[in-house]
Amino acid sequence: KKELKEFHLFTGSAFFNKNESLLLFLEQLSAYHPDLNQDILNREQFFSKNPVFPAYSDQKVRYLLSDLTKVLEEFIAYKEFKRNPFNAHFQLANALLRRNQEKFFLQELEVLKNMNESAAFRDHGYYFNLHQLSEIAYEYTSGSRNRAFDTSLQELMDNLEISYLSKSLRFYCEMINRRNI
């Protein structure tokens, strides 16, 4: 229910959806939620009962459903993106670096370091994030020729290897567990 409301807001945003009739279509369609069975949603009947879309057109329905699917896919991708705060901040830092916004990049890099250090576990995710931080810091230092960072290729490689090994060990242990069952 909450996600449906968020999807309505997402679809209502002109930034994500330029087709105004799509929002009207979604609102009409949502009136049948959660009982979305085939009998009720017969296309001709749906449009005949719908004052917003007076004439049924199979092509128009297909276009609306196709557009709604595209917006829904963008919504799901957006929700997944927002679900991982580290990734969202990392993408912001990457964008700031590409745009040569050094001051804001460095601030965001510090936020990322603090987020990673506050992780509850030192697992694959922690070391993978550490590798990503090392890589973006290396890109910054090599691009700006700024050697103020104590970042080296060795540190970058070490973090990548630790990340890889921790994930490999996890899967290896899973294989052993499955063999013992």
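Helices (H or I, at least four residues) and strands (E, at least two) are DSSP runs, numbered from the N terminus. The model is predicted, so local features need pLDDT of at least 70 and side-chain atom pairs count only at pLDDT 80 or more, while totals for chains, interfaces and linings use all residues. Residues are numbered from 1 along each chain as its sequence is written, and side-chain values use heavy atoms, with hydrogens and water left out.

**Exercise 1.** Determine the order of elements in the protein chain.

Solution. The protein chain holds eight helices and zero strands, and read from the N terminus the order is α-α-α-α-α-α-α-α.

**Exercise 2.** Find what share of the residues in the protein chain is buried.

**Exercise 3.** Describe how helix 1 and helix 2 are arranged.

Solution. First, the axes, which are lines fitted to C-alpha atoms over the stretch in contact, with angles from 0 to 180 degrees between N-to-C directions, come within 9 Å and cross at roughly 160° for helix 1 (residues 2-12) and helix 2 (residues 20-30). Angles over 145 degrees count as roughly antiparallel, and helix 1 and helix 2 are therefore roughly antiparallel to each other. Next, with contact meaning heavy atoms within 4.5 Å, Leu4, Phe7, His8, Thr11 and Gly12 in helix 1 meet Leu23, Leu26, Glu27 and Ser30 in helix 2.

Conventions: Buried < 20%, exposed > 50% of the residue type's maximum accessible area, 1.4 Å probe, protein only. Parallel < 35°, antiparallel > 145°, perpendicular 65-115°, else oblique.
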